[in-house]
Amino acid sequence: MSNLSQRFSQNPILTTSDIVPSQKGLVVECVLNPGVFAHEGKTWLIVRVAERPEQQEGVTSFPVMRTDGSLEIMSFQNDDPELDLSDSRYVKYKGVTYLSTISHLRLLCSEDGTHFFEPSDRPTKIFGQDSQESFGIEDCRVSKIGETYYLTYTQVSESGVGVGLMTTRDWRTIHRQGMIIPPHNKDCALFEEPVNGKYYCFHRPSGIDLGGNFIWVASSPDLLHWGNHRCIAHTREDMWDSARVGAGAAPIKTHAGWLEIYHGANADNRYCLGALLLDRDDPTKVLARSEKPIFEPTLDYEKDGFFGNVVFTNGHLVDGDTVTMYYGASDEVICGATFSIDAILNSLNVYSKGAL
Ligand code: MAN
């Protein structure tokens, strides 16, 4: 186990009991995977809140959003042979996949980076809005480009999983920009400055028969229209990131290149974090990558929970050599940890040219 990080002594800093349900009849099952940003001298999280009705004995029920924005509760008897509940994140029935909870985004702020509350002076809840978000919205990344905050997030519906974009300057009025990358795609993080005059992002399409769950880079003239897609990181057989990989938050610009903390999962759905280093002038070139995870689920709150053995990050703050990373643990609670950027860079395995 690597010793690169220092977990907050207050972990977990947010649990489901800290979050008030968005409406009567719903229970908060998970508060997880926060986007992170600094604004007006404070630390802010835009967390994912996953809810469903209280579960009754022998029955599985979960909400789906109707076109008018109200929730419909779907229910299935647990002994129905057509029902598959083998993964707590999903409900599969007669070959159709639903999510077991519906997620919205919630804005929280803090003076000290560990005690978070919903500010009373601005809107704090962002819900799925149309038929492309009827199963909810998830895992928001926040990138500040100029004076504007860009929020990339996962839009989930029966039509698939895609990347949505919202923008705001003041966190009072939020502008929806629609789906910028179509299904199946998620884990989109925008670079916070252009490289050679073009904007860049990471994204994660999923190959079905050919390919896999790999990290790609794309570029754009305007942050809305993305092209020139290049695959930069494959999963690696028999390693900690053998089944899926996906980008975390906006990459960190270092003297050595763009440093990206990413998640990787193996076939047992154990989610760890590692890092990639990309060329400063050409982010499609991978210079180095973690051989071993830089962060693993080892403590009780990371091993046991709504979906255990998961550490997942999509937000951090950078101050000099220190990255303060916020992460979801076991898909149920939010925690924090700090890393030294130099220590991460020194831990990477330098890549021979062209390796994926
Ligand atoms: C997926 C994502 C995350 C989640 C992990 C672990 O990759 O959708 O939201 O935290 O799985 O369950």
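**View 1. C335 is a buried cysteine, with a relative accessible area of 0%.** Buried here means under 20% relative accessible area, with exposed over 50% and partly exposed in between (1.4 Å probe, protein chains only). This is a predicted model, where local features need pLDDT of at least 70 and side-chain atom pairs count only at pLDDT 80 or more, while totals for chains, interfaces and linings use all residues. Residues are numbered from 1 along each chain as its sequence is written, and side-chain values use heavy atoms, leaving out hydrogens and water.

**View 2. Here we look for disulfides, and the count comes to zero.** A disulfide is a pair of cysteine sulfur atoms within 2.5 Å. C140 is in none, and the nearest cysteine sulfur, that of C188, is 11 Å away. C140 is also buried, at a relative accessible area of 0%. For C335, likewise in no disulfide, the nearest cysteine sulfur belongs to C30, 13 Å away.

**View 3. Now zoom in on R48, with a side-chain N or O atom 2.7 Å from a ligand oxygen.** R89 also places a polar side-chain atom 2.7 Å from an oxygen of the ligand. For K186, the distance from a polar side-chain atom to a ligand oxygen is 3.0 Å.

Technical notes:
Polar contact = N/O pair within 3.5 Å; in protein donor to acceptor, adjacent residues only side chain to side chain.
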